[in-house]
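Me: Please take a close look at one part of this model for me. I would like to see how its pieces touch.

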Amino acid sequence: MYNNLAGMQIVFETKNLNLHYDDNHALIDIFMKVPKNRVTALIGPSGCGKSTLIRTFNRMNDVIEGCITTGKVIYKGKNIFDPDVDVMDLRKKVGMIFQKPNPFPMSVYDNIAYGPKLHGIKNRKSLDEIVEQSIKQAALWEEVKDRLKNSAIGLSGGQQQRLCIARALSIKPEVILMDEPTSALDPIATAKIEDLCYELKKQFTVIIVTHNMQQAARISDYTGFMYLGKMIEFGRTTQIFKSPKKELTERYITGRFG
Amino acid sequence: MALPTIVSVSEDAITAVPHEFREASYAMGATKWQTIKKVVLPSAISGITAAVILGIGRAIGETMVVMMVAGSSPGMPSLIPPEIFEPIMPITATIGIEMGEAAGYHTNALFALGVILFVMVLIINSTANFILAKISEKFHPKKKKKEPRLKIEISNRTKDRIKFTVYGISLLIIFYIISVWVGLLTTILLILIGIGYRFLSKKITAKKSQWIAYSIIVISAFIVLIMLGIILYYIIANGIQFVDWEFLTTYPETEPEKFGMDTRGGIYPAILGTFYLVVGAIIVAVPIGICAGIYLSEYAKEGKITKIIRTGIDTLNATPSIVFGLFALSFLVLFLKFGISLLTGQLILGFLILPTVIRTTEEAVKSIPQEFREGSLALGATKWQTIRKVVVPPAMPGILTGTILSIGRAAGETAPILFTAVTALALGAPGSLNEPVMALPTQLYFLRNEFHGQEALNTAYGTALVLLILVMAFYLFAIILRNHYRKKIKW
């Protein structure tokens, strides 16, 4: 399963990862490596566990009651489930973009400044700089530079999602998790986010969950196909889409799923 | 008396239902009424039931109104099914009237009455809670049901029979109560209307039923407005000519040798006293209440303990204020030796409004979308940072409603402070925490019940108006604050 990762720096490695919601076995024996400065896509039908998997990388599943995780997720040589790991610190390094844009009910500026303020930056000037830089990185600056003080709720869906990306970037993470970031957006906004992914991987590692196979093919370097909680196949995107090794993968990719 | 609570809390619960639900329903060709009935009300049902429970609690525990209006007959009610136009003597009024004169065994008996009243409220409240749990289970089915440890096999036939008997008995009881209340003929007429509706309802089109429902809703709204109008008009018309600057800023005079059973003078110390009492109650209740509400919705894990806490809060909320008065008298005044004092009054009013603050805070915080929390946590915020910066600010309008309601309640409450914090006559402005004070609502009661004279009656009307204006001013201020927050925070 680890083929084609030779020579790559690895950011995340899962070992025998299992996850239960009450009596639902949502992730089953996941072994997976996530290469640095690449876009890794997770695809699969609804309910296959891809969102659950991505949410283990920053331990967002902790929020859900009755959720039990076993196995290891190695990040920088350390299992993120070790008791001495500071979850807040982990989430600072591993940012997340959600399916539905979720800007806070504050101004555009305050949305971006929220993260840096949390982590102790109080200086007005450096905050201004971070806000501007993050919004620029998220390719949103031209559209919002004149209304930084306006409520973020007034932005369009695509703008809101890029704002959320800017918000995630504001705390200078190393990894960005995207949980179906474009599923609520129109094609133009989607295209903008996809372009952004391409830019982002120069500096960050991106893991993206998507329903849209074309999207995975377009933007990702590596793809994992999941089905019923299992990682069926993982490899270079070109390989997965052109010559999948497993029959299940091929059937899913060609749309003959049954 | 229960009406305003029910209206206000229900409205909040209904507004909190996401707009998407409504749109989804309209998109399927539902009428507005169908949408309300099938989508909005079920989603808001927990809030509405909470509102009704709060309202019931308020009605049962009401002491002062019945003391002045209904409870003027100290004897036993003549008939077991009481006639509605005859004075009766509810427990609350009994305690309220007799506590002032009681001593020895009499006091103990009154405390026993308090216990009985408390148990009654407990039973009603648990019933209401049970119904609430049933309803909410229907709309939010649990994922899995635990197998009961002891399985009693009951055949479906027996079950049906039991159900039939229970329904039959409850129907008979309801029939009996209604027929005693409005007369047999009217009851039969009501039942006929009910049956007729049942038969006709199949023939009524969606549009017509929408029309009927609207009429009922509009009529209800008008009844509320008209009642409010009548009350306001009556108090203002009777009180306005007696309220002037002098009335507000002078001390009352009640020397019996000069005025007999009458009084003269203003109500300055009572205004000050009420102000101190309310401010004290806010200081006691609001911080603790908000923290407890946040704890319940954000930190506490759902389970037996939260259930017990919630039941406890609801029971406290439904607990008649006169029982709070008894508690204050026995615990604060006598046991802790605070005496009849401003401090006792502030504490007990604080305890009294605590449940409302907790419950409304909890509801408000719960209605904040989960995405906000996740967005914040994903940025590496701690739970506390998330709550403080992302959850609480948008929940503020809801929290303020709770505070508004409770402040209004604290300002107008009489029963708990009657024997624990106030005097009929203060010689000066309240000087320290351990002196008794005068308060507007109790003053109203004293003026009406202890004095008999035209001047006293006039002063009472004036006091009522001032109390009304004061409470309205509290509300107005809080509503402005709330609207301000609403404008600032939108999602």
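Reply: Start with the contact between the two chains in this predicted model. Chain B brings 19 residues to the contact, and chain A brings 24 residues. Look at the side of chain B that touches chain A. Two elements of chain B give two or more residues there: helix 16 (370–377) and helix 17 (383–412). Helix 16 of chain B has the largest share, with 5 residues. Sort that side of chain B by class, and you get 9 nonpolar, 4 polar and 6 charged residues.

Now stay inside chain B. Chain B has two parts: domain 1 (1–61 + 102–142) and domain 2 (243–491). These domains touch too. Domain 1 of chain B puts 20 residues into their contact, and domain 2 of chain B puts in 17 residues. Which helices supply the side of domain 1 of chain B that touches domain 2 of chain B? Helix 1 (3–15), helix 3 (32–61) and helix 6 (105–139) of chain B each supply at least two residues. By class, this side of domain 1 of chain B has 11 nonpolar, 8 polar and 1 charged.

Next, zoom in on a pair of helices. Two packed helices are described by the angle between their axes and the distance between the axes. Take helix 14 (residues 321–335) and helix 15 (residues 342–366) of chain B. They pack at an angle of about 135°, and their axes are 10 Å apart. Because of that angle, helix 14 of chain B is oblique to helix 15 of chain B. The crossing of helix 14 of chain B with helix 15 of chain B is right-handed.

Which residues make this contact? From helix 14 of chain B come B:S321, B:F324, B:A328, B:L332 and B:V333. From helix 15 of chain B come B:T344, B:L347, B:I348, B:F351 and B:L352. By class, the contact of helix 14 with helix 15 of chain B has 8 nonpolar and 2 polar residues, with no charged residues.

Finish in chain A, with a sheet. Its 4 strands form an open sheet in the order 2-1-4-5, with antiparallel pairing. Strand 2 (24–35) and strand 5 (78–79) of chain A are the edge strands, and each pairs on one side only. Strand 1 (residues 10–21) and strand 4 (residues 67–75) of chain A run antiparallel, joined by 8 bridges.

How values were computed. Residues numbered from 1 in each chain as written. Chains lettered and ligands numbered in written order. Predicted model: local features only at pLDDT ≥ 70, side-chain atom pairs only at ≥ 80, totals over all residues. Contact = placed C-beta atoms within 7 Å. Nonpolar A, V, L, I, M, F, W, Y, C, P; charged D, E, K, R; others polar. Domains from an automatic or database assignment. Axes fitted to C-alpha atoms, helices over the stretch in contact; angles between N-to-C directions. Parallel < 35°, antiparallel > 145°, perpendicular 65-115°, else oblique. Left-handed = near helix turned anticlockwise from the far one by under 90°. Pairing = 2+ DSSP bridges.
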